[in-house]
Structure formats: C-alpha cells, structure tokens
Amino acid sequence: MPVFALALAAAVIGFEQLVEWQFGPVGVIGFVLLSVGVKAKNVTCSCIGAVVLTMLIV
C-alpha cells in the first residue's frame, strides 16, 4: 500500500509540473481549482478549473 501511495503522489506531482511548465501559473491555478472541486464535490469550483484549463489549451 505505501508503494502505491508513493507512486500516485509522484504521478500527481509530475503532472502538476508538466502543467506548470506548459501553461504557467494560470494552468496551475486551473489545475488546483479542478482538483479541489473534485475532492470537495463542488461542481462550481471544478467547472471553473476545467474552463480555465480548456481556455489555455484553445
């Protein structure tokens, strides 16, 4: 179980670094909003994060 948690944490940190490298600070803010919205089951927060990330990609 600890190996799985460590691998998952490494994957999340790696993905966050990729988002920051490619999209800058605004991408990190969108990713954080999306993550917090999903964890808290807050549809508004997750939608705002998804829209921010979508606008950066487009």
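Buried residues, meaning those under 20% relative accessible area with a 1.4 Å probe and protein chains only, make up 19% of the 58 residues in this chain. Residues over 50% are called exposed, and those in between partly exposed. The model is a predicted one, in which local features need pLDDT of at least 70 and side-chain atom pairs count only at pLDDT 80 or more, while totals for chains, interfaces and linings use all residues. Residues are numbered from 1 along each chain as its sequence is written, and side-chain values use heavy atoms, with hydrogens and water left out.

Let us begin with the overall picture. The chain holds 2 helices and 0 strands; helices (H or I, at least four residues) and strands (E, at least two) are DSSP runs numbered from the N terminus. Along the principal axes, the C-alpha atoms fill a box of roughly 35 × 25 × 15 Å. The chain exposes about 4500 Å², of which carbon and sulfur atoms supply 78%; these areas come from the Shrake-Rupley method with a 1.4 Å probe, and for residues only the protein chains shown count as cover. Of the contacts (heavy atoms within 4.5 Å) between residues at least 6 apart in sequence, 20% join residues at least 24 apart.

Now follow α1, which covers residues 2-40. A straight helix of 39 residues would span 57 Å at 1.5 Å a residue, yet α1 spans only 24 Å between its end C-alpha atoms; the expected span is 1.5 Å times one less than the number of residues. Look at F23, where α1 has a kink of about 135°, shortly before the proline P25. That bend is the angle between axes fitted to the seven residues ending there and the seven starting there. The buried residues of α1 are V19, G24, G27, V28, G30, F31 and G37, and what covers them includes α2. A9 also belongs to α1, and this residue is partly exposed, with a relative accessible area of 35%. A9 and L53 are 44 residues apart in sequence and 21 Å apart in space, C-alpha to C-alpha.

Between the two helices comes a loop that contains K41. Phi of K41 is near 55°, a positive value in a residue other than glycine. K41 counts as exposed, at 76% relative accessibility. Next, N42 caps the N-terminal end of α2, with a side-chain oxygen 3.2 Å from the backbone nitrogen of T44.

That brings us to α2, residues 43-57, whose 15 residues reach 21 Å from the first C-alpha to the last, close to the 21 Å expected at 1.5 Å a residue. Which residues of α2 are buried? They are C45, S46, G49 and L53. These residues lie on the same side of α2 because they cover an arc of only 95° around the axis, the arc being that of the directions from the helix axis to the C-beta atoms. On the other side of α2, V43, T44, V51 and M55 are exposed. The buried residues of α2 pack against α1.

With 15% relative accessibility, S46 counts as buried. Leaving aside neighbours within four places in sequence, S46 is in contact with L33, L34, G37 and V38. A polar atom of the S46 side chain also lies 3.1 Å from the backbone oxygen of N42.

Notes. Polar contact = N/O pair within 3.5 Å; in protein donor to acceptor, adjacent residues only side chain to side chain.
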